[in-house]
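Visitor: Before we look at the model together, could you take me through its main features one step at a time?

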Amino acid sequence: MPTPALLALEDGSVFHGHAVGATGETVGEVVFNTAMTGYQEILTDPSYSRQIVTLTYPHIGNTGVNAEDAESTAVHAAGLIVRDVPRRASNWRSTESLPDYLKRHGIVAIAGIDTRRLTRILRDKGALSGCILAGDHVDAETALAKARAFPGLNGMDLAKVVSVTAPYQWQEGVYDLDKTAFNQPAKRFKVVAYDFGTKHNIFRLLAEQGCDITVVPAQTPAADVLAMKPDGVFLSNGPGDPAACDYAIEATKALLEAKIPLFGICLGHQIMGLALGAKTLKMKFGHHGANHPVKDHDDGRVLITSQNHGFAVDPATLPANVRVTHSSLFDGSLQGFALTDRPAFCFQGHPEASPGPHDIGYLFERFSKLMQEAR
Ligand SMILES: NC(=O)CC[C@H](N)C(=O)O
């Protein structure tokens, strides 16, 4: 007999299913991700901290899990909701099944529910607070009360919570496409990377561009970073509300002032916007998937991109020295901008993919060109 589990949303919806991870309880903001692959990268993306993820693709776990696909050293998603986990995982790289992995990391997860109905609720009402209870004696009233007690992500500063506590040097090179060998490209640039909850593939792709990367904690003052005399500074992705990260906004203001080459991804893009005096807003249900079309305004190309954000920079609030470089073709929202008087640019989606397509990987090259030109 499978262990019972239930999911309750703050709007009163209750779904009954069975446990496929740890037993116990979890609360968070429930979001849907439409990627068909990459469940392990999603679970280990620190940007999902305090979020319970439901995957719209119905069969999750088919290829098991392996050590190389983790995007950080922990599982950060607060919980997982899926339609169905196949009884057997099969892939030459698999070392463990998804349920065993979830149990080992203490992640509460539910399967056997109608994830299409759940996604329609989230699409109509927007992201909702939710609670999963998994165990032999779960009840809907308790789950509802716990879901309603979760305050939502507005105002929540999580970047400093998931960040490293001390600086370190990134050692890994970059995998070849088949993930059979590591390449260690020659180091051409000294880069300091702010860890707001970064994904490892970002550092691998920076390393591919010849970056020697020193990773620093989220609250590192800009003066300490500039004292390291880097060729460029990277602002990472990360969880929570960007407007709550006052330390990062202050540091980015100083880095912009210093005219050092700057590249921001996702939360890093939002922080750059805030440092320039723009405003961020909470989106209805955000962008979470691996097939989002984005337009590059420089050449008109449409790029298929990986996305994971629930906040966005309001383009109407950007100052005059900003040029919009990318927009979402789903809803017209801002996807990227560059400064006209500083060597700084950023992107809202995930050019490092993992999971997702590589269309917009050229941004890593753009950063190395910027550092080259600034010399
Ligand atoms: N992936 C990210 O960096 C997410 C940024 C921010 N936490 C958001 O939800 O919009």
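Guide: We begin with a term that the strand questions need: two strands pair if DSSP finds at least two bridges between them. Please keep in mind throughout that this is a predicted model.

Visitor: Which residue in β14 does Val233 stand opposite?
Guide: Strand β13, residues 232–235, and strand β14, residues 262–265, are joined by 3 bridges and run parallel. Within this pair, the residue of β14 that stands opposite Val233 is Leu262.

Visitor: Which strands are the edge strands of the open sheet?
Guide: The open sheet has 10 strands with mixed pairing, in the order β8-β12-β11-β13-β14-β19-β18-β17-β15-β16. An edge strand here pairs on one side only, and that description applies to β8 (168–169) and β16.

Visitor: At about what angle to β14 does helix α9 run?
Guide: Helix α9 covers residues 267–275 and lies across β13, β14, β15, β16 and β19. Taking β14 as the reference, the helix runs at about 120 degrees.

Visitor: Which strand gives the most to the shell around the ligand?
Guide: The residues surrounding the ligand include Ser47, Asn237, Cys266, Asn308, His309, Gly310 and Phe311. By class, the shell divides into 5 nonpolar, 7 polar and no charged residues. With 4 residues, covering part of its stretch 302–313, the strand that gives the most is β16.

Visitor: Is Cys266 buried or exposed?
Guide: Cys266 has its place in the loop between β14 and α9. Beyond its neighbours within four places in sequence, Cys266 is in contact with Ser47, Asn237, Asn308, His309, Gln348 and His350. A residue is buried if 20 or more other C-beta atoms lie within 10 Å of its own. Cys266 has 31 such neighbours inside 10 Å, and therefore Cys266 counts as buried.

Visitor: And is His350 buried or exposed?
Guide: His350 has its place in the loop between β19 and α10. Leaving aside neighbours within four places in sequence, its contacts include Ile265, Cys266, Thr305 and Asn308. With 28 C-beta neighbours inside 10 Å, His350 likewise counts as buried.

Technical notes. Residues numbered from 1 in each chain as written. Predicted model: local features only at pLDDT ≥ 70, side-chain atom pairs only at ≥ 80, totals over all residues. Near = placed C-beta within 6 Å. Helix = DSSP H or I, 4+ residues; strand = E, 2+ residues; numbered from the N terminus. Nonpolar A, V, L, I, M, F, W, Y, C, P; charged D, E, K, R; others polar. Contact = placed C-beta atoms within 7 Å. Axes fitted to C-alpha atoms, helices over the stretch in contact; angles between N-to-C directions. Buried ≥ 20, exposed ≤ 12 C-beta atoms within 10 Å, placed from the backbone.
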